[in-house]
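Please open the structure in your viewer and keep the selection tool at hand.

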Amino acid sequence: MLPSQALLPAVVFALTALQALASDTFLAAVYEHAVTLPHPTEEPVPPSEALALMNKNMDVLEGAIREAARQGAHIIVTPEDGIYGWRFTRESIYPYLEDIPDPVVNWIPCTDPSRFGPAPVQERLSCMARNNSIYVVANIGDKKPCDSSDPSCPSDGRYHYNTDVVFDTQGKLVARYHKYNLFRGETQFNYPKEPEAVTFETPFGKFGIFTCFDILFFEPAVVLVNKMQVDTVLFPTAWMNVLPFLTAIEFHSAWAMGMGVNLLSANTHNTSMAMTGSGLFTPEGPAAYHYDSATEEGRLLLAELSAHPRLSPTYPPSTNWSLYATSIKKFPGENDTFSGTVRRDVFTFRELRHKDGNYTVCQGDLCCHLIYQMSNKRRHEIYVLGAFDGLHGSLIKYHWQICTLLKCPSTNLSTCGQPVETAQTKFEMFSLSGTFGTSYVFPEVLYSGVQLAPGEFEVLRDGRLKSKHGTSKPLITATLFGRLYEKDQPHPLR
């Protein structure tokens, strides 16, 4: 007979599982963490110093995990780089890495910490999950030895991987994911040889996991949703906001809607690097989100989500993203266009000169169509309809198709496409569509002050992004963001 202390975690887990199975929903949490960073150095610090820094961050994360569990959350996601930051060379990151085994080994670090060598970070994360009866998702670093028999083995004899781990309510390691699409500057890590499609089952749905930059690519993002049929994606990220289309909250919400899954997005918080924006996003829109560029504080978010969103009666119907726009005839004056740059991408723009209109603008194979009516057009505010069809990126190039209704920073048309966060003009209605050559299109609406517009727009089955009853706040952009994965160029570094 087991002692009562050993029975307690099992009883708590069983009750949690029964509660989850009794409902088609679950309570999810994400924590946006203001990370304590190490001092920049090219030389490795002593392991004790590295662990001390990581413990400082884990102290904060443990408080958020405990609070999420107290409020009934079944799972919590913490950010990419949330335990040790990002100021590293390949050499200096080594003391922060641990050997993370394949989850098939059936390991609970909290109760057997030395089974695979020193693993104080995994032990502590495992105990956070076990002691609070909650799934814990974290981002840490994995190290794997290699030798001369492996022609790809680095000169220092080891691989480093940017790695997500998941511990269940018993503290068992149930998932390990190696980031496949490294962002520029992540030279401390290696690219995995093959993409990983990591999933795991829970009493409240099938989960998949990937990290930050991965969301923009076919592997693993589309594979997890379309081939593996996950219900929810776990998404640790260190996302630097880039207006007008790639702020964390607008793109991550749009991605969840476009892919038809839940996305649990936990961002790091660092205003000097424009890092903020986390949320619990669903196929119907954001359930909860947070964007704060003014303070240096973390934030815990919780929301009840559908465990199986595809079975929900409110699940959005499939969309033919080019159906409506291909039926539109070209309108007079559509050649009255000019070029503008959004970062390094050259868009074709057309100014919206009147309070209402019916316009088309084309670039490459993409034609964008807009019907609109402004309710309080301000003379000093200029809006444009824009189209982009081409490769984006300097080193890593991938293909975008974008239709956008966009506010310009000033009346000088040469500024159109540059970042802007505030506006005063509201719209009585807008309807945006495009002749997209892809079924992967993500609908975004962003209001003044970098705010989302939950429930205020809809996507029709023929591919139109429409306002429902006008805009309640001034509009920065309404955008259809398409990805033509088949036109991406081969990765230059992998």
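The axes used here are lines fitted to C-alpha atoms, for helices over the stretch in contact, and angles run between N-to-C directions. Please note that the model is a predicted one.

**First stop: a pair of helices.** Select helix H2, residues 47–70, together with helix H3, residues 120–132; they pack at an angle of about 15°, and their axes lie 10 Å apart. Because angles under 35 degrees count as roughly parallel, H2 is roughly parallel to H3. Their crossing is right-handed. Next, display the side chains at the contact: H2 contributes residues including Leu-51, Met-54, Met-58 and Ile-65, while H3 contributes, among them, Val-121, Arg-124, Leu-125 and Met-128. Sorted by class, this contact has 9 nonpolar, 2 polar and 4 charged residues.

**Second stop: H3 itself.** Keep H3 selected. From its first C-alpha to its last, this helix of 13 residues reaches 18 Å, close to the 18 Å expected at 1.5 Å a residue. Which residues of H3 are buried? They are Val-121, Gln-122, Arg-124, Leu-125, Ser-126, Cys-127, Met-128, Ala-129 and Asn-132. Their cover includes H2, strand S3 (135–145) and strand S4 (158–167). Now step to Ser-133, which follows H3 and has a positive phi, near 50°.

Select Gly-171, in the loop between S4 and strand S5 (173–178). Is Gly-171 buried or exposed? Gly-171 has a relative accessible area of 0%, so it is buried. Leaving aside residues up to four places away in sequence, Gly-171 touches Trp-107, Ile-108, Pro-109, Ser-126, Ala-129 and Arg-130. Finally, select Val-261: Gly-171 and Val-261 are 90 residues apart in sequence and 26 Å apart in space, C-alpha to C-alpha.

Key: Residues are numbered from 1 along each chain as its sequence is written. This is a predicted model: local features need pLDDT of at least 70, side-chain atom pairs count only at pLDDT 80 or more; totals for chains, interfaces and linings use all residues. Side-chain values use heavy atoms; hydrogens and water are left out. Axes are lines fitted to C-alpha atoms, for helices over the stretch in contact, and angles run from 0 to 180 degrees between N-to-C directions. Helices (H or I, at least four residues) and strands (E, at least two) are DSSP runs, numbered from the N terminus. Angles under 35 degrees count as roughly parallel, over 145 as roughly antiparallel, 65 to 115 as roughly perpendicular and the rest as oblique. A crossing is left-handed if the near helix is turned anticlockwise from the far one by less than a right angle, and right-handed if clockwise. Contact means heavy atoms within 4.5 Å. Ala, Val, Leu, Ile, Met, Phe, Trp, Tyr, Cys and Pro count as nonpolar, Asp, Glu, Lys and Arg as charged, and the others, Gly among them, as polar. The expected span of a helix is 1.5 Å times one less than its number of residues. Buried means under 20% relative accessible area, exposed over 50%, partly exposed in between (1.4 Å probe, protein chains only).
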